[in-house]
Amino acid sequence: FPESAELHLTLGKLYQRLHSDAAAAQAFQSALEAPVTTPQIKAEAEELRTRALKRTATSQFAGSLFAGMQYQTDANAGPDNDTVRSNGTSIPRTRRDKPDGDFSGIMGFTLTHKYDFGRQDGMALESRVVGFGQLYADNTRLDTARLVGQVGLGFAPIPSTTSALRLQPRVNFEAVSTDGEWLEGGGGPGVGVTYSFSDTLGIEFGYDAIYRNYDHVGGLGATEDYTGCEQNGIATVTWLARPGTTLVA
């Protein structure tokens, strides 16, 4: 039934589930050209075709903005005891260092870029940058600006139509300022592993090591003592419970 737009639309959706966006775009185009159709089918086919063509582009950019508020009962990380230890001796805690609750506002952005090399193993240069600023109502010496990012080369070691297993060796970097002063900068290697059990269930493992070099920030004290290496490991399970609803653990 080549004249049925609904069948071409369904075929395009099936190609999308196989991550065959070029074939999906062709099917959606056929749906637009089919004589037996409805305005609703044409509108959906046009929207899905536009999305599929974007995903077939060699270079792909995406971005988002976010904002929020946070309240911390001890924003300045002050000790709750009236005395603190200094060089083995108990001394009175200064009033400036007592626990201080505070509101802060957060605004930021996320940018991602993917450059597809057009290889059978799906090799692509994948980049991600996140920047945000956090401004405090009272503890202005804690005002922070942070820029973090990753650049990695993702590929499927076992090429297939669904690319169930994917690896991404990567490099991490970050830069942070607090109270208008340079706080720290650093970077290090990492690796990500993703595996898709089906088109609705997947798991991701990540490991990242970041060496952070702290400077001295007067408003915060001897921050340079925090210089060192931090290692992070994470496992994420993603389940598409139904279209438009995803559960992440």
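Start at Glu184, which counts as buried because its relative accessibility is 1%; buried means under 20% relative accessible area, exposed over 50%, and partly exposed in between, with a 1.4 Å probe and protein chains only. This is a predicted model, where local features need pLDDT of at least 70 and side-chain atom pairs count only at pLDDT 80 or more, while totals for chains, interfaces and linings use all residues. Residues are numbered from 1 along each chain as its sequence is written, and side-chain values use heavy atoms, leaving out hydrogens and water.

Glu184 forms a salt bridge with Arg146, with 3.9 Å between the closest N and O atoms; the term requires a side-chain nitrogen of Lys or Arg within 4 Å of a carboxyl oxygen of Asp or Glu. Strands here are DSSP runs (E, at least two residues), numbered from the N terminus. Arg146 itself counts as partly exposed, at 27% relative accessibility.

Now turn to Glu174, which forms a salt bridge with Arg212, the closest N and O atoms being 2.3 Å apart. Glu174 lies in strand S7 and Arg212 in strand S9, so the pair ties together parts 38 residues apart in sequence. Both Glu174 and Arg212 are buried.

Over the whole structure, a search finds 11 salt bridges.

How values were computed. Helices (H or I, at least four residues) and strands (E, at least two) are DSSP runs, numbered from the N terminus.
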